[in-house]
Amino acid sequence: MPEIRRHPLVGGASVAPPAPPAPPRTSLVQILAHPDDDLYFINPDLQRALEAGHRVTSVYLTAAEADGRNIDTRDPRRMDSPPDYEGYTEARQQGLRGAYATMVTGDRESAWARDVFTFSTGVTVDRSTLLAAPHVQLFFFGLRIVNAGHGFPADVPPARLATLWSGDSAAQLTLIAAESPVPGPQEITKDALVRSLIELLQRTPPDQFWTMDPDPWHKDWDEERGPVSSDHQDHTAAAQFALAALDGYLAEGGRPPLVDHCVGYSNRMWPSNLSEDAWAEKKRVLEVYTSADGHDCRHRYCGDLQLADGADTRRYGWSTRTRYEGSTDWLHLQADGRLAAYAVLGGQVAVWTESEPGSDHWDGPVLLPGGGLTPALSVAPDREGGVHLVGMHRTPCPGGTVEVDVVRMWRQAHTGAVVPWERIGNPSDHTEDWRRRREVGTPAAVVGSSGILHVFMRNFGSGASARRLTDDGWGEWEDLQGRNLQDCLNAVLLSTGRVEVYATNRSGGVRWYQDGMYGPYKMQDNVTSVDADAWRPTGGITPVQTGRSRSALFYREEESGEVLCLRQRPDGRWSREADRLGGDGGTGRIAALRQQADGRDFVVLARRNARNRLSTAVLATQGQDEAPRWTDHDVLMARPPALARDHAGRIVVATIGTDARLRVMRQAKQDIADGFGPSALV
């Protein structure tokens, strides 16, 4: 067991942290670079986890000392003050404790216990425990930037988190915050850091595991350096360390968690996906962190004053999105009449299956062979009742490089036997440049009426690429063009036998279609831009065929999260005005499924709402002018929901909870307008 040495209380009398009670059922661990990454890039999801009483363990790898001046960056005289690296690090940690206390108790001054936690590696870290909620703990490793600009002699080898990961630095020095109980700085090697993180995961086994984006999009191209990342290099390195620790934890028998990678500065590249209310909620917490909340601060280190009240100026906080956005195609009716649900847990595909057709009892999760997958998975049913599972495999390589490949597994219809994962490749294979290859999007797959498997994805150039599997094998990668695509492609097979693909970019929706079953894809840009009164779509588009020659598109509106529906006319043109379906707030794709019964024609909708709970609605396919009534369900979700019909034709909605468990609700009565029955926890 790691050794724990007790140290004084922060904000009150000297006392040791109490022994933690039996942990809450759901455990969240997040490994981040800086002590505001979760406030900017994960909230409001973090706040929802805290509100639910989850055990939250937050880990910050760097000291985040910047230039050591805790003065508003807009102050023209700030450079006249000498740097105080220890003081600024302390101020950021103090601000973070205030933000967490506010989220959990409503009182920013709620007391913390602060002590030293020592791993078997000898690495010592600063641990903070919220006394009013001991299941909430913060761990600060304090790795600092070592270079001449931070006061080190020119002959001292430079080091920072990215060079520690790549191996260019043998070790990295820590910085001790001004009031930290940690006795002194130390050097930490890459292996010691990874081993320490593994021990931390073993101490608090996660159901849900969050870190930053390991493969951020580029924002520019430099002829000498190549792609210029849109994100902070510490964010990227923190994600690499987090994944290495997770791999080690799993290799030593750890339970596979639900993993998410949160987008950082890249959020500025896309339409904002948080509603005004959600951003206001996030901003209130940020203002506690930056001491811009108007409180009477009586502590020497009040918070991160560099940011002050400037949170609104940093557009990357206006969204909360994951690098590998989940799809809504993961619930599937098998040939034997049983439903099967798929998710990626700890890099492996997990499958839950009804024990009998229509039963509320499910078997699983069963982990399929293979690992190393990113969190998103596309499930493409074949014509016999089996499925193609298409995902992305990520392989760390020497020198901090990585190889990313699209992979496929085929699960046969009647036996459930699997054909092992095969490599489909990467649209940037021809470049032999790992930096280009890492920047591919999550795949969308569909099987055509002739049995051809079509795989689509965003490529390095921010357009779309496709590849097809026929009886003769895989064809070449096809460049479908496009520009500035958001990473959220969706493919659908129409009753005419043709395949269509939808995506969004910075201005609207994009559609690719075929004139014939075997024909090439043609692109139609600005599909959703016909409505001048609507904001841009944010996230993915969910297409539903509502007639032999027409479809309806469901998506979220920028800055409101409201669900919009754009209908296609029989002549193929799109309506000039999108229908507003309500449902303000929430993030992630909309699940939609058409249901025709007893002469009635509906589309059933499911989404994650502003409280990260499930909301459902029923919409008439034609002729309904008013917005549908949304029904909220007390089901906390970590992924977009999925909809499917069971063996009897009843609609089933499925969700993956923050505890990495499956929940299902079934159509309660013959008329789907009467809603769903109770939620069954698998």
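One of the salt bridges in the structure joins Glu51 and Arg611, whose closest N and O atoms are 3.0 Å apart. Helix 2 (45–51) and strand 13 (258–262) each supply at least two residues of the side of domain 1 that touches domain 2; helices (H or I, at least four residues) and strands (E, at least two) are DSSP runs, numbered from the N terminus. By class, this side of domain 1 has 4 nonpolar, 3 polar and 6 charged residues, where Ala, Val, Leu, Ile, Met, Phe, Trp, Tyr, Cys and Pro count as nonpolar, Asp, Glu, Lys and Arg as charged, and the others, Gly among them, as polar.

The model is a predicted one, in which local features need pLDDT of at least 70 and side-chain atom pairs count only at pLDDT 80 or more, while totals for chains, interfaces and linings use all residues. Residues are numbered from 1 along each chain as its sequence is written, and side-chain values use heavy atoms, with hydrogens and water left out.

## Extent of the contact

The domain assignment gives domain 1 as 27–290 and domain 2 as 586–681, with bounds that come from an automatic or database domain assignment. The C-alpha centres of domain 1 and domain 2 lie 37 Å apart, and 13 residues of domain 1 are in contact with 14 residues of domain 2, contact meaning heavy atoms within 4.5 Å. About 1,000 Å² is buried between domain 1 and domain 2, and carbon and sulfur atoms give 43% of this area; buried area is the accessible area (1.4 Å probe) that two parts lose on being put together, summed over both.

An open sheet is formed by 4 strands in the order 39-40-41-42, with antiparallel pairing; two strands pair if DSSP finds at least two bridges between them. The edge strands, each of which pairs on one side only, are strand 39 (642–645) and strand 42 (680–681). Strand 39 pairs with strand 40 (residues 651–656) in the antiparallel sense over 4 bridges, and Arg645 has Ile651, in strand 40, as its bridge partner.

## Salt bridges in the whole structure

In total, the structure holds 52 salt bridges. Among them is the one in which the side chains of Arg114 and Asp126 meet, at 3.0 Å from N to O. This pair links distant parts of the chain, with Arg114 in strand 5 (residues 112–118) and Asp126 in strand 6 (residues 124–130), 12 residues apart.

## Backbone exceptions

Most residues other than glycine have a negative phi, and most peptide bonds are trans. The peptide bond from Asn43 to Pro44, however, is cis, with omega near 10°, and Pro44 is found in the loop between helix 1 (37–41) and helix 2. Another cis peptide bond joins Gly364 and Pro365, where omega is about 10°, and Pro365 has its place in strand 17 (residues 362–367).

Asn484, although not a glycine, has a positive phi of about 50°, and this residue is placed in the loop between strand 26 (478–481) and strand 27 (490–493).

Notes:
Salt bridge = Lys/Arg side-chain N within 4 Å of Asp/Glu carboxyl O.
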